[in-house]
Amino acid sequence: MNLLRAVVAAAAVGVALVLQVSFFPHLAWDGIVPNVCLLVVVGAALTRGPEFAAVLGFAAGLALDLAPPSDHLAGRWALALVVVGYVAGRVRRETQPTAGTVVATVAASSFVGTSVFALSGLVLGDPIGIPQMLEVVLVGVLWDVVLTPLVLPPVMAMFRHLEPDRSLA
């Protein structure tokens, strides 16, 4: 990873994090907000591949874990976004993904990421029931799919532009 790509990726995660913890809580549905950091990781995965996206997912997840008003053990979002980055990166093909492929990848990634986070909370003793956990996962997936057309195209174009010779998408 060259320095410019690392700085730009960190800036993208920073902007996503600020939007996620400061702007979207005002639009939250039953306290559930879209995971903009997850969308940045999926955009990186579809453009750069699983290794880069897993590293970016770890950094984004750790930032999300430590950002106020965090109310959970640090590392849960880092784990979830590493898994998301790796799995979404494996979807990447040798051709440019279609809009349907991108939306399906975001939906699957959101489901996997939110489920990993929720299940890790269940294992660690979070006081949440299964029906509430399913509501969080489903509303999270809906939020992320709704924001996909606004977030993924500029994120993917940015990562493609940073190093076009290694970008396959």
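At what angle do the axes of α1 and α6 cross, and within what distance do they come? The legends below describe close-up views of a predicted model.

**View 1. Helices α1 and α6.** The two axes cross at roughly 170° and come within 10 Å. α1 and α6 are therefore roughly antiparallel to each other, since an angle over 145 degrees is counted that way. From α1, the residues in contact are L4, R5, V8, A9 and A12, and from α6 they are M158, F159 and L162. Sorted by class, this contact of α1 with α6 has seven nonpolar residues, no polar residues and one charged residue.

**View 2. Helices α5 and α6.** Here the axes lie 8 Å apart and the packing angle is about 140°. The two helices, α5 and α6, are therefore oblique to each other. The crossing of α5 past α6 is right-handed. On the α5 side the contact is made by V102, V103, V106, A107, S110, F111, T114, S115, A118, L119 and L122. On the α6 side it is made by I130, M133, V136, V137, G140, V141, D144, V145, T148, L152 and M156. By class, the contact of α5 with α6 consists of 16 nonpolar, five polar and one charged residues.

View 3. T148 is a residue of helix α6. Its relative accessibility is 3%, so T148 counts as buried, the limit being under 20%. With neighbours within four places in sequence left aside, T148 is in contact with L39, V102, V103, V106 and P153. Among these partners, V102, V103 and V106 also belong to the α5 side of the contact between α5 and α6.

**View 4. The salt bridge between D126 and R76.** The structure holds one salt bridge. The side chains of D126 and R76 form this pair, with an N to O distance of 2.9 Å. D126 lies in the loop between α5 (99-123) and α6 (130-162), whereas R76 is in helix α4 (residues 76-91), so the pair ties together parts that are 50 residues apart in sequence. What is the relative accessible area of D126? The value is 31%, and D126 is partly exposed. R76, in contrast, has a relative accessibility of 5% and counts as buried.

**View 5. Surroundings of F117.** F117 is found in helix α5 and is buried, its relative accessible area being 16%. Apart from neighbours within four places in sequence, F117 is in contact with H72, R76, W77 and A80. R76 is also a partner in the salt bridge with D126. L79 is 38 residues from F117 along the chain, and the C-alpha atoms of F117 and L79 are separated by 7.8 Å.

**View 6. Helices α2 and α3.** Helix α2 (residues 36-48) packs against helix α3 (residues 50-66) at an angle of about 170°, and their axes are 9 Å apart. α2 and α3 are therefore roughly antiparallel to each other. C37, V40, V41, A44, A45 and R48 make the contact from α2, and F52, A53, L56, G57, A60 and L64 make it from α3. By class, the contact of α2 with α3 has ten nonpolar, one polar and one charged residues.

**View 7. T101 and V40.** T101 lies in helix α5. At a relative accessibility of 33%, T101 counts as partly exposed. T101 and V40 are 61 residues apart in sequence, and their C-alpha atoms are 16 Å apart in space. V40 is one of the α2 residues in the contact with α3.

**View 8. Backbone features in two loops.** Most residues other than glycine have a negative phi, and most peptide bonds are trans. P68 and P69 are joined by a cis peptide bond, with omega about 0°. P69 is found in the loop between α3 and α4. D30 is a residue other than glycine with a positive phi, near 55°. The place of D30 is in the loop between α1 (3-23) and α2. Is D30 buried or exposed? At 57% relative accessibility, D30 counts as exposed.

Notes: Residues numbered from 1 in each chain as written. Predicted model: local features only at pLDDT ≥ 70, side-chain atom pairs only at ≥ 80, totals over all residues. Heavy atoms only, no water. Salt bridge = Lys/Arg side-chain N within 4 Å of Asp/Glu carboxyl O. Helix = DSSP H or I, 4+ residues; strand = E, 2+ residues; numbered from the N terminus. Buried < 20%, exposed > 50% of the residue type's maximum accessible area, 1.4 Å probe, protein only. Axes fitted to C-alpha atoms, helices over the stretch in contact; angles between N-to-C directions. Parallel < 35°, antiparallel > 145°, perpendicular 65-115°, else oblique. Left-handed = near helix turned anticlockwise from the far one by under 90°. Contact = heavy atoms within 4.5 Å. Nonpolar A, V, L, I, M, F, W, Y, C, P; charged D, E, K, R; others polar.
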